[in-house]
Amino acid sequence: MDSLNDTAWVRTRGDLVSYIRKLSQEAEATSNSWENQTLDRYLEALSAWTHDMDGYFNNQGQPVPDQPGWSLIADMLRAACFYE
């Protein structure tokens, strides 16, 4: 399993489950450096990033997906840790 910042390995539902568990462990760590450390802030950031994600894909030179895959869901969850 790769880094939480590299979600390319998240290809199945089981991979996403593992990814979410890793996020949870990171959130519990005393050295947690997340910008959005409370549930309300995390969910607000998740909503904002999801709303603005076209810009992320455009900046990366990638097409905006019509349907989310497991990896995109992981990207969304990771982005919510830090998105302001």
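**Starting from R78**

User: Let's begin with a residue I keep clicking on. Where is R78 placed?
Analyst: R78 sits in helix α3. Please keep in mind that this is a predicted model.

User: Is R78 buried or exposed?
Analyst: R78 is buried, and its relative accessible area is 10%. The cut-off for buried is under 20%.

User: What does R78 touch, apart from residues up to four places away in sequence?
Analyst: With those left out, R78 touches L4, N5, Y19, L23, E26 and W34.

User: How accessible are E35 and R41?
Analyst: E35 is partly exposed, with a relative accessible area of 32%. R41 is also classed as partly exposed, at 40% relative accessibility.

User: While we're on charges, how far apart are the mean positions of the positive and negative ones?
Analyst: The chain has 6 positive and 13 negative charges, and their mean positions are 10 Å apart.

User: Let me zoom out. How many helices and strands are there?
Analyst: The protein chain has three helices and zero strands. Along the sequence the pattern reads α-α-α. The radius of gyration is 13 Å, close to the 12 Å that the globule rule gives for 84 residues, so the chain is as compact as a globular protein of that length.

User: What box do the C-alpha atoms fill?
Analyst: Taken along the principal axes, the box is roughly 35 × 30 × 15 Å.

User: What share of the residues is buried?
Analyst: Buried residues account for 29% of the 84 in the protein chain. As for the surface, the chain exposes about 5,700 Å², and carbon and sulfur atoms supply 49% of that area.

User: Of the contacts between residues at least 6 apart in sequence, what percentage joins residues at least 24 apart?
Analyst: That would be 59%.

User: Back to α3. Which of its residues are buried?
Analyst: In α3 the buried residues are L72, A74, M76, L77, R78 and A79. The cover over the buried residues of α3 includes α1 and α2.

User: Tell me about A74. What is its relative accessible area?
Analyst: The value for A74 is 0%, so A74 is buried. Setting aside neighbours within four places in sequence, A74 is in contact with T7, V10, L16 and Y19. V10 is 64 residues away from A74 along the chain, yet their C-alpha atoms are separated by 7.1 Å.

User: Nice. Where is A8 placed?
Analyst: A8 lies in the segment before α1. A8 is partly exposed, with a relative accessible area of 43%. A8 and W70 are 62 residues apart along the chain, and 9.3 Å separates their C-alpha atoms.

User: Now α2. Where do A48 and L43 sit?
Analyst: A48 is in helix α2 (residues 39-59), and L43 is in helix α2 too. A48 counts as partly exposed at 25% relative accessibility, and L43 is partly exposed with a relative accessible area of 45%.

User: How far is A48 from A29, C-alpha to C-alpha?
Analyst: They are 25 Å apart in space and 19 residues apart in sequence.

User: And L43 to Q67, C-alpha to C-alpha?
Analyst: That distance is 21 Å, for two residues that are 24 apart in sequence.

Methods: Residues numbered from 1 in each chain as written. Predicted model: local features only at pLDDT ≥ 70, side-chain atom pairs only at ≥ 80, totals over all residues. Heavy atoms only, no water. Helix = DSSP H or I, 4+ residues; strand = E, 2+ residues; numbered from the N terminus. Rg over C-alpha atoms; globule rule 2.2 N^0.38 Å. Buried < 20%, exposed > 50% of the residue type's maximum accessible area, 1.4 Å probe, protein only. Contact = heavy atoms within 4.5 Å. Areas by Shrake-Rupley, 256 points an atom, 1.4 Å probe, with all protein chains shown as cover. Lys, Arg positive; Asp, Glu negative; His and termini not counted. Charge placed at Lys NZ, Arg CZ, Asp CG, Glu CD.
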